[in-house]
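Subject: Structure for you, with notes

Hello,

Here is the structure I promised. Please open it alongside this email, as my notes follow below.

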Amino acid sequence: MASPADAGASEENCNKNDSFIIEIPIELEPKLTIYRVPRKLRKLKEDAYTPNLISIGPFHHGKRELLAMERHKEKYYEQFCERIERSHADPERFIKTFINGIYRDVHESYAGIPEFDEKKFSEFHFQDMIRLDACFIIELFLKNDEGKNDEGKNHKGKNVKEKEDYILSTAWLKKAIQLDLLLLENQLPYFLLEKLFQFAEPKYKKRESVVYSNREECCISCPCFKRTFCFSSNPDRPTDVPPETPDSENEFLLLACDFFKDFCTRPDNIDHEILKKIKESDKKNQSDEMTKGSDQKMEKIKHFTDLVRLFRLPSNFQKERFQPRVDHLYSATELDKAGVNFVVNDKARLAEVKLHVPCFSFFHVPSFSFYPFFPFRMELPAVMLDDATELLFRNMIALEQCLYSGEAYICNYVSLMSQLIHTEQDADFLVEKKIIKNLSGHGVADLFSRLGNETSVSYFYYADDCDKLNEYHDKWLNRTLTKAKKVYFNDLWKGSSTVVGVFILLFTITQSVKNIFLS
């Protein structure tokens with residue numbers, strides 16, 4: 001890490017020529033998970049990366065406009081200490097001891113913060129900061145969960161329904177804090193929150209957490225989790241299946257997912273009252289995890305920005321699909337003119353784009369040239385665009401640019417959509433297909449174009465699909481037959497008229513030929 005003196009000298013030199021500023025960490029340590037947003041991205045829209053109400057972590061700590069929330073942190077900290085009085089005789093001492101044992105690991109998770117210095121950046125000040133921030137987040141999650149239980153009571157039996165907590169009962173305030181907690185620069189390491197929750201064992205009124213094996217479920221299966229999480233939306237509870245209670249690790253994940261539920265890809269299908277952890281895979285996988293040692297930490301959730309990104313990744317991770325990116329892709333309306341069918345998939349995650357290439361059932365040969373009977377079908381997930389969409393996308397993109405450059409699924413999705421949507425006519429076409437739900441009132445084409453600015457993508461997840469779509473579009477027969485279909489068979493009446501006209505034409509030709517040869 002660079003010393004404060006070196007950082008100051010470097011900043012002074014950079015100011016002489018701002019056009020050559022390159023932000024590269026001095027030490028590329030594997031523990032780094034929380035980064036400052038690269039300047040080339042921040043200058044595009046600084047508001048999308050800057051918290052409005054609350055600061056979490058060191059990057060925005062102490063800013064005057066965010067100091068009003070500090071007293072709420074103190075209040076939440078005191079209430080959190082009350083929760084753990086039964087488990088720990090001196091809760092404040094326990095929390096401080098816990099933070100003292102983990103703060104160096106937390107410090108190593110941040111890129112671009114100075115080493116500890118007694119005058120400018122003391123260890124005590126850093127510990128005090130993460131203590132308040134961590135306890136505030138956990139207490140906020142617990143209050144949010146207690147406010148939704150059937151009885152609406154907290155661990156003391158008091159009513160917490162909408163009235164007791166000002167933050168949760170004020171819609172705009174809760175939404176603003178949710179968004180602030182999803183900013184890349186406004187994060188605490190997930191392992192800090194998870195371990196503090198596990199060791200503190202806070203008391204709260206838990207909602208029933210069960211899973212039923214014979215119910216419809218929506219599963220989140222991700223190698224980053226090394227497990228599968230299943231959510232059910234069926235309200236009918238069978239009586240012959242015993243409940244399963246999640247362990248403390250999944251319990252905190254449940255609380256986090258429930259708080260950020262509105263920012264998941266499909267919030268209607270995520271019912272966290274019946275979250276289930278599927279047991280670890282076979283013993284061989286468990287032994288493999290044991291041998292990986294410290295590398296295993298990098299495969300877990302890094303922070304909340306990483307969590308909302310994980311909800312948008314494909315179910316099946318196929319790294320082999322990443323190939324050198326294609327030069328271009330025809331727009332959605334151009335592909336539609338060539339006969340490609342665009343279909344919405346309401347159950348797919350954001351990055352799950354599927355191209356169905358029809359093949360002959362016996363020979364398994366792609367039917368590229370036989371459009372009338374074997375059209376291409378492109379399945380795209382439904383995406384809702386609102387006022388928070390750009391903020392979420394920008395922070396997930398910034399995270400991928402810093403940490404997941406080789407697996408930039410969100411960057412690839414944005415790049416794909418920006419190529420499909422060249423104009424607002426393309427956007428209107430996808431809206432008509434119910435692939436895009438635009439609630440923001442802003443231009444869709446302009447949004448995806450802005451999101452893709454200043455992003456670097458070396459490998460493209462959809463390269464193979466784009467090549468097939470371009471090849472399909474370039475075939476003259478596909479475009480001609482599609483145009484004929486739209487002109488002469490666009491609806492039942494046009495189709496009937498066309499068929500009748502063809503029969504009349506054939507009958508006329510037949511009669512003419514017959515008269516010529518028989519006369």
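A residue counts as buried when its relative accessible area is under 20%, as exposed when that area is over 50%, and as partly exposed in between. Please keep in mind that this is a predicted model.

**Gln178 and helix α7**

Start with Gln178. It sits in helix α7, which covers residues 171–180. Is Gln178 buried or exposed? Its relative accessible area is 3%, so Gln178 is buried. Which residues does Gln178 touch, leaving aside those up to four places away in sequence? They are Phe259, Phe260 and Phe263.

Now look at the rest of α7. Seven of its ten residues are buried, so the helix is largely enclosed by the rest of the structure. The buried residues are Leu173, Lys174, Ala176, Ile177, Gln178, Leu179 and Asp180. Note that Lys174 and Asp180 are among them.

**Helices α5 and α8**

Next, a helix pair. Two packed helices are described by the angle between their axes and the distance between the axes. Helix α5 spans residues 123–146, and helix α8 spans residues 190–200. Their axes come within 10 Å and cross at roughly 70°. That makes α5 roughly perpendicular to α8, because angles of 65 to 115 degrees fall in that class. The crossing of α5 and α8 is right-handed.

Which residues make the contact?

- From α5: Ile130, Ala134, Cys135, Ile137, Ile138 and Leu142.
- From α8: Leu192, Leu193, Leu196 and Phe197.

Ten of the residues in this contact are nonpolar, none is polar and none is charged.

An α-helix has 3.6 residues a turn, so residues three or four places apart point the same way.

**Two glutamates with positive phi**

Last, two loop residues to check. Glu201 lies in the loop between α8 and β1, the latter being residues 217–222. Phi of Glu201 is near 50°, a positive value in a residue other than glycine. At 45% relative accessibility, Glu201 counts as partly exposed, because 45% lies between the 20% and 50% cut-offs.

Glu454 is in the loop between α16 (444–451) and β10 (459–460). Phi of Glu454 is near 60°, again positive in a residue other than glycine. How accessible is Glu454? Its relative accessible area is 40%, so Glu454 is partly exposed.

Best wishes

Key
Residues numbered from 1 in each chain as written. Predicted model: local features only at pLDDT ≥ 70, side-chain atom pairs only at ≥ 80, totals over all residues. Heavy atoms only, no water. Helix = DSSP H or I, 4+ residues; strand = E, 2+ residues; numbered from the N terminus. Buried < 20%, exposed > 50% of the residue type's maximum accessible area, 1.4 Å probe, protein only. Contact = heavy atoms within 4.5 Å. Axes fitted to C-alpha atoms, helices over the stretch in contact; angles between N-to-C directions. Parallel < 35°, antiparallel > 145°, perpendicular 65-115°, else oblique. Left-handed = near helix turned anticlockwise from the far one by under 90°. Nonpolar A, V, L, I, M, F, W, Y, C, P; charged D, E, K, R; others polar.
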